[in-house]
Amino acid sequence: MEEQREGRPVGPPPTWGGPPMWRHGPPWWNSGSDGSTARRLPWLTTAVLTLFVQVGSRFAEHGQLDRVDINPLARVLLFLATAVLLLRHRHPVPVLYASAGLTLVYIGAGFPYGPIFLAVAVGCFAAIVAGHRRAAWGAVGGLWAGHLLIAHWLYRWLPPGGDGARPWGEEVAAAVWVVAIIAVSELARVRREQWAKERAERAQAAKRRADEERLRMARELHDVLAHSISVINVQAGVGLALLDSDPEQARTALTTIKAASKEALGEVRQVLGTLRAPGDAPRAPAPGLDRLPELVEQAGSAGLTVEVTTEGALVQLPPGTDLAAFRIVQEALTNVVRHSGSRRARVLVRHETASLTLRIDDDGPSTGAEAGGSGNGLAGMRERAAALDGTIEAGPRPDGGFRVTAVLPLAADGDSKARTAPREDQ
């Protein structure tokens, strides 16, 4: 999501140029590329190749008067050599050896040379692309060796009668043909493996982005709800305690509960609204340090007195950094309300040239009590800081109490990760 908004491509960039089909592979080739048998049988290409071989062999016969005329046996051999290719994607090695064997029988029977060798080429291509390189080399090498035996030794006992040895120049041409077929097949195999790797990387990147988005949503909801529910919990306790003895104070507590719940519902709707319409801009600006007074007031309604100190010249913070700073302070104050026996907290906001420092202190001691919450507050703060290349330090102070210190870097334009925060945060 962040990469799309910044105009950068999503997922790993393609390493080959050319049109989309060449970069990602044709759709019919991608299916079943993991070695599964889910790919459809190639009826059309097999039928076209079968027709071409049948017709082409008849034309090839006219220029080879010294060979046996094509008869029904030749037609059957031609048909079988190409029809078996229908299974070339599911069983590439047996298909290649069958096609090569049928071709060798066809040549040994004295029938004319011709396009039957295309069947072997297609079978070799399918086997090498599927990863069966040695089997393909063995089949093609066996066909070539068998042809050498037939053309230079066994021809004496094979049809046609009175036939002589084939010229050795033909063997050179056959060797070139074999090398060319293997080279093209190897190139296709490498390209297909690269397509498969790129698809896997894109799928992994998409899964990683989805996981990061789920984590961000969980963190955002936790921060919104934990703070508000903590305030509601405290005020509900106050209201129950004073309902009979001090109805007016109980009414104030209920008013605070109503305001806190309304605000929480509004923020939850804003967060969840981005899931329903991810292309729309948020209807309300994300909270930032400008809402720190509201945070202090809410903490005060929960019985916590907060003292805020600001140091340094105020600067315009990137939206992601501003939101992270607000949520860190919010979570730290929520933890004080839930876990600390102190009713006072101090917040220091220090603006520096290259960073923003936040320090939240309370005087403790820890109560060990829970007022709702999942216990993920510190983890969520660390995740927010880490997303901006910042740091979080949290722990007991030497003189008692607890301290949370966050340092969020302010990178230059174009380099700041804060500028690539999710659009819901902006």
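The side chains of E186 and R133 meet in a salt bridge with an N to O distance of 3.0 Å, a salt bridge being a side-chain nitrogen of Lys or Arg within 4 Å of a carboxyl oxygen of Asp or Glu. This pair links distant parts of the chain, 53 residues apart: E186 lies in helix α9 (residues 168–242) and R133 in helix α8 (residues 133–152). The model is predicted, so local features need pLDDT of at least 70 and side-chain atom pairs count only at pLDDT 80 or more, whereas totals for chains, interfaces and linings use all residues. Residues are numbered from 1 along each chain as its sequence is written, and side-chain values use heavy atoms, with hydrogens and water left out.

**Salt bridges**

- The whole structure contains 13 salt bridges.
- E186 counts as buried at 13% relative accessibility, while R133 is partly exposed at 33%; buried means under 20% relative accessible area, exposed over 50% and partly exposed in between, with a 1.4 Å probe and protein chains only.
- R346 and D363 form a salt bridge through their side chains, at 3.2 Å from N to O.
- R346 is partly exposed at 28% relative accessibility, and D363 is partly exposed at 38%.
- In the salt bridge between D399 and R397, the closest N and O atoms are 3.5 Å apart.
- D399 is exposed at 64% relative accessibility, whereas R397 is buried at 12%.

**Annotated transmembrane regions**

- The unreviewed UniProt entry places the feature "transmembrane region" at residues 72–89, 95–128, 135–154 and 174–190; UniProt positions are given in the numbering used here, feature names are shortened, and annotations may be inferred rather than shown by experiment.
- Residues 72–89 are 67% helix and 0% strand, with the end C-alpha atoms 29 Å apart.
- Residues 135–154 are 90% helix and 0% strand, and their end C-alpha atoms lie 26 Å apart.

**Aromatic pairs**

- Four aromatic pairs are found in the whole structure; rings of Phe, Tyr and Trp (its six-membered ring) pair if their centres lie within 6.5 Å, and planes under 30 degrees apart count as stacked, over 60 as edge-to-face and the rest as tilted.
- The pair of Y113 and F117 is stacked, at 6.2 Å centre to centre with 10° between the planes.
- Y113 is buried at 14% relative accessibility.
- The pair of W153 and W157 is edge-to-face, because the planes stand at 85° with the ring centres 6.0 Å apart.
- W153 is partly exposed at 47% relative accessibility, and W157 is exposed at 59%.
- One aromatic cluster is formed by Y113, F117 and W177.

**Sheet**

- Five strands form an open sheet of mixed pairing in the order β1-β2-β3-β5-β4; two strands pair if DSSP finds at least two bridges between them.
- The edge strands, each pairing on one side only, are β1 (305–311) and β4 (391–396).
- β4 pairs with strand β5 (residues 402–409) in the antiparallel sense over six bridges.
- The bridge partner of P396 in β5 is F402.

Terms used:
Helix = DSSP H or I, 4+ residues; strand = E, 2+ residues; numbered from the N terminus.
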